[in-house]
Structures are given as structure tokens and as C-alpha cells.
Amino acid sequence: MPRSRELGTSAGLLAAGAGFAVLGEKMFNDLGAIMHASLAGAGRVGVGDGVALDRALLDGFGAALWTLTPFFILTVVVAILAPLALGGWSFSASPLAFKTERLDPIKGLGRIFSAKGLMELLKSLAKFLLITSVAVLLLWQGRDQIIGLAGQSLDVGLAHAADQVTSAFILLAAATLLIAAVDIPFQLWSSARDLRMTRQEIKDELKHTEGRPEVKGRIRELQREVANRRMMEEVPKADVIVTNPAHFAVALRYAAPEMRAPRVVAKGEGHVAARIKELGREHGVAVLDSPALARAVYFSTRLGQEIPVGLYQAVAQVLAWAYRLREASAGAAPPPAPDALDVPPELRVDAEQARRGASRRGVAGQ
């Protein structure tokens, strides 16, 4: 949190000067009366009466302390409130802990020759020059009053001297506010700069909050594996698998009471497509090579969704062929595979478009 020593110093000096100006006459009169009473009482006490002397000393000390209490309260309250005005309240015992790095001379030199160390040096020089200049100016302007004190009586001279000292003290304390006015913006800027995170800290925090890229990639890989296993479990339930022989494969299933239209239960490209075809053949699912229809279903329908209306007619022909193939008796000639399937132009995907789409997905997966 930002802290300005100059603000605390200036506030404390001004509070002390103001306290002397307001309470000084009463404090000095009361202290004088206490001293007079103590000395007078000491004369009435026997030389050998140590108990009475101790009691007189304690009584005088207590009365003096009570007289100075308002001044002490004022200075303590200002000393506490002045730092709070800049950075607020913050209590921590960590600065009291022993740290071995504080004994490192290299780091010590680094702190001395840092921007903050340079600022502290400049502040010290500025305070010296400012207070010296103000003091010389006050002495020069008040030279006649100072010389005139010699011609006054003791009581009057002391009173005037106290007034001059108090006024000079307040003016010197007020001069330190100029240093505080420069130090406060610097401390705010320095605190904000120290609280900034480095690029590496930002990267580490992102890794901590969002996960390391390697872990996230592994999680996505595991999720894909789980999704693929679930998808492969649906392949034996499919009615037909439509393929673009070397690239894509889609498995379709249609249950009239449950579905309004055929649904994609599995789809994939490359090795996944080859595995879908392999599972389909193992479980006796009809496999039809139809590149146009396979690409149209693959790029237009998500896994688990029903096919679009534009593909109803083509898929119906494929399902009819699959049903006839399934019902054909052993040894009988299989029904001819449908050809010239009607795929609407808006759902057609040519080989080049399919290749670009596969490339984009591969890059995104990486």
C-alpha cells in the first residue's frame, strides 16, 4: 500500500506546532506551578524522610504528565491518521519477520541505487535546502525582534521568544508540506508500478486459473476418446453406413415410432471412418459407397441429429436398399445398390470443399 513518510512527518510537525501555539501557555504555566509546589513541598520534608520525598516526586510527575496529556493525544492521533489518509489501514506483522535476503549486500546496493533510493536522496537534499532557506529567511526577517529581546524584562522576553520560536516552528513544518506534495504522487505511482504483474506472472496466473495447455489438451483428448467410444457403441445399432470410400463415413439409424427422420448415430473421417466401416461389417450393417451423400450428411448434420429435409428422398432410397439387403435370404443375389441419388445443390459438398473443411478441423484440433 502507498505510504509517504513526508506526509506523516509534516503532519506530525504541524500538529506539534499547533499544539504548542494553542496549549503552550497553559502547559508552561501549569508546569511552572507544579515545579514551584514540588520545590516548596520538598523544603518542608525532612532530609531522612525518603518515603515522603518519593511521594512528592511521584505526585509532581503525575501532575506534569496529566498537564501534557492533551498535547500527547494530539500528536499521537495525527501520527496515526496521517498515513491512513494516503493508503488506508493495513496491519501486518510480516515486516517484523527476519529475512536473510535483507543481509545480502548486492540487494542492499540495488535498493540504494534504485529509483526509490534516488527519490529518497533527492527528497533529503530538497528538505535540507528548503528548511535551511526558510530558516535563514525567518531569521533575517525577524532579526529586529530577536535583537529587541535583549532589552525586555525576563518574563516578557521569554514570552516573546516563545511566540517567535513557535511561529518559526510552524512555518518550517509548513514548508515540509511542499516535499510531501511531491512525495505523495511519487508514492502512488511507485506503489501502482510495484503491484503490476510481469508478463511471466500473467502467464503463470493464466496457467493456474485456466489450466496448463498440456493438461487442457490431454483433457480434450480424453473427452474425444470417450465420445468416440460412445459413438462406436452405436454403430452396431445403425441401419446403414454411407461412405466416401477413402475419407468419410456416416452411420444412419431410423426407428419409425421413435424418430421423425433418420438420425446420424456415428460419423467420422480418416481412421475414425475406417473404424466405423470395420465395425459395421463385423455386425452385419449394410455399407454403401456414395461420396456425394456421405459428404452431404457429414457436413450438414451433427452427431445425434436428424438429417435435413432435403436429404429425405436420397436417404429413404438407401434405407430401402439396406432393408432389402438384410431380408435377402442366404445365397440369394443381393439387391442392386441405389445409384444417381438426389442430393440437393445447396447440400452438396465437392471434394475440394471437403478437403479444406477437414484441414481446418485438423488445425483447430491441434
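Here are legends for a few close-ups of this predicted model.

Some ground rules on the model: local features need pLDDT of at least 70, side-chain atom pairs count only at pLDDT 80 or more, and totals for chains, interfaces and linings use all residues. Numbering starts from 1 along each chain as its sequence is written, and side-chain values use heavy atoms, with hydrogens and water left out.

**View 1. Helices H4 and H6 side by side.** H4 covers residues 115-141 and H6 covers residues 154-195 (helices are DSSP runs of H or I, at least four residues, and strands are runs of E, at least two, numbered from the N terminus). Their axes come within 9 Å and cross at roughly 165 degrees (axes are lines fitted to C-alpha atoms, for helices over the stretch in contact, with angles from 0 to 180 degrees between N-to-C directions). That makes H4 roughly antiparallel to H6 (the label for angles over 145 degrees).

**View 2. The open sheet.** Four strands line up in the order S3-S2-S1-S4, with mixed pairing (two strands pair if DSSP finds at least two bridges between them). At the edges sit S3 (263-269) and S4 (286-289), each pairing on one side only. Ignoring direction, neighbouring strands are turned by 20 degrees against each other on average.

**View 3. Strands S2 and S3.** S2 (residues 248-253) runs antiparallel to S3, and six bridges join them. Alanine 251 stands opposite alanine 266 in S3.

**View 4. Helices on the sheet.** H9 (residues 271-282) packs on the sheet and touches S1 (240-244), S2, S3 and S4 (contact means heavy atoms within 4.5 Å). H11 (residues 312-327) lies across S1, S2 and S4, at about 135 degrees to S4.

Terms used: Angles under 35 degrees count as roughly parallel, over 145 as roughly antiparallel, 65 to 115 as roughly perpendicular and the rest as oblique.
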